[in-house]
Amino acid sequence: MALSVCCQWLEPVTKRNGEVVYENIINEQSLQLGAYKNGKYTTERILETYRNNVEEHLRILPKLVAGGIKSFRLSSSLFPLFEFNGELAKRDGKISRGLKLLGEGFKQNGIRVTTHPGQFTVLSSDKQSVVDNSIKELEYHAWVFDQMGFDQTPFFSINIHGGKSDRIQQLINVIKSLPVNVKNRLTLENDEKCYNVTDLCNVSRACSVPVVFDSHHYQFNTGDVSFDAAFHMANDSWNGIRPLQHLSNSEPGMENAPFNQKRAHSQMIHHIPDLQLAAIRDNLIDVDVEAKAKNIAVMQMRKDFNVEV
C-alpha cells in the first residue's frame, strides 16, 4: 500500500506578521505562453527553468523518503511549454542527467511515480486539433518517464479522463493508435459527469487500458452499479499490476451544497469508504490522496484511520 502525495510538498512558513501558513516548498518555475510568443524568453532562460524544476524534485526526494512516502504524482508542469521547446530539452545533457538521477532515486527508494495531464488532454474530442495536441501532451509525459528509466507499464501511470461524453468508440480508436510508450502506461479515471466505471471498463476491454477508480467521483456518477461492484470492476482491469485509486472528499457540511462546491476537494481526508479503507489496510491498492493539504493530509490520514506505512 502506498498513499501518494500529489505534486507538492507543504511545510510551515512564518510570515513577517507572525502568521504561520503552509506553502509548497517545491520551487517549480513556470513560463507564460504570451511572454514566450512575444520573444521575452531566451533559450538559456527556458533551459534554466527546466533544469531548476528537475533539481527541485531531486531536492525534495529525501523528504519523501524520510516521510515514508511510497508514491508520488509528478507535476505536469515540470517542463512548461514543452510543446514548443521539446527538442531543446531533449538535447540538453543536464536535463537528461537530472531526469536519470531522479528516476534512479525514485526506483531505489521504492517510490511509485504517476502523472495526471491536465483537463485539455481530450482524446475523445470531435476536433482533430485537440486530439493531436492531446497526443503530443501524452508523448511528452511518456518521454519524461522514459528518461527516468521507468518501465512501460501502467504501474507508472499516465492518467487521464475519458473526455467528451458519448464518444467511447472514438476514445478506443485513438488509444489504439497511440505510441507504445504512451499506451502501455495509460490509465483512465472515472469522472463526475461523462464517463463512469462501467463506461471505462468497456474501453478497457477493447484496448487493455486499466481503470483508476476515484471513489469521490463515483458518488456523482455511479453508472447504476454499487460501490463494491465499481471498485472490483476497476481493480480487475489491472491484470495483476497493483491497482491505483484516487481518494478525496467534499468539505464537511456540503451535503446540500451546489454540485461544483460538493465536487471540490477538501483540505483533509474526513472519510474513506469501507471497502477502499480495507484494501488500503490489506495492502491491495495504491492511492493518490487528492486532498488540498497534500502531504499534511496524508500524514494525518495515517493517524486518523490507523493506516501504517
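Q: Which residues of strand β5 point one way, and which the other way?
A: This is a predicted model, in which local features need pLDDT of at least 70, side-chain atom pairs count only at pLDDT 80 or more, and totals for chains, interfaces and linings use all residues. Residues are numbered from 1 along each chain as its sequence is written, and side-chain values use heavy atoms, with hydrogens and water left out. In a regular strand, side chains alternate between the two faces of the sheet. In β5 (residues 112–115), all are buried (under 20% relative accessible area; exposed is over 50%, partly exposed in between; 1.4 Å probe, protein chains only), with Arg-112 and Thr-114 on one side and Val-113 and Thr-115 on the other.

Q: In β5, what is the bridge partner of Phe-72?
A: Strand β4 (residues 71–74) pairs with β5 in the parallel sense, over 4 bridges. Two strands pair if DSSP finds at least two bridges between them. The partner of Phe-72 in β5 is Val-113.

Q: How many helices and strands are there in the protein?
A: Both are DSSP runs numbered from the N terminus: helices are H or I with at least four residues, strands E with at least two. The protein has 13 helices and 10 strands.

Q: What is the radius of gyration of the protein?
A: The value is taken over C-alpha atoms, and the globule rule is 2.2 Å times the number of residues to the power 0.38. For 309 residues, a compact globule would come near 19 Å. The protein agrees, with 19 Å.

Q: What covers the buried residues of helix α6?
A: Helix α6 spans residues 168–177, and its buried residues are Leu-171, Ile-172, Val-174 and Ile-175. An α-helix has 3.6 residues a turn, so residues three or four places apart point the same way. The cover includes α5 (128–147), α7 (180–183), β7 (186–189) and α8 (197–207).

Q: Which residues is Asn-52 in contact with, leaving aside its neighbours within four places in sequence?
A: Asn-52 is found in helix α2 (residues 43–66). Its relative accessible area is 13%, so Asn-52 is buried. The C-alpha atoms of Asn-52 and Glu-28 are separated by 7.2 Å, though 24 residues apart along the chain. Contact means heavy atoms within 4.5 Å, and the partners of Asn-52 are Asn-27, Glu-28 and Gln-29.

Q: Which residues does Asn-235 touch, not counting those up to four places away in sequence?
A: Asn-235 sits in helix α10 (residues 227–236). At 15% relative accessible area, Asn-235 is buried. Asn-235 touches Pro-243, Gln-245 and Ile-285.

Q: Is Phe-305 buried or exposed?
A: Phe-305 lies in the segment after α13 (294–304). Not counting residues up to four places away in sequence, Phe-305 touches Ile-269, His-270, His-271, Ile-272, Leu-277 and Arg-281. At 13% relative accessibility, Phe-305 counts as buried.

Q: What is phi of Asp-166?
A: Most residues other than glycine have a negative phi. Asp-166 is in the loop between β6 (158–161) and α6. At 69% relative accessibility, Asp-166 counts as exposed. Its phi is positive, near 60°.

Q: What is phi of Asn-239?
A: Asn-239 lies in the loop between α10 and β9 (244–247). With a relative accessible area of 67%, Asn-239 is exposed. Asn-239 is not a glycine, yet its phi is positive, at about 50°.
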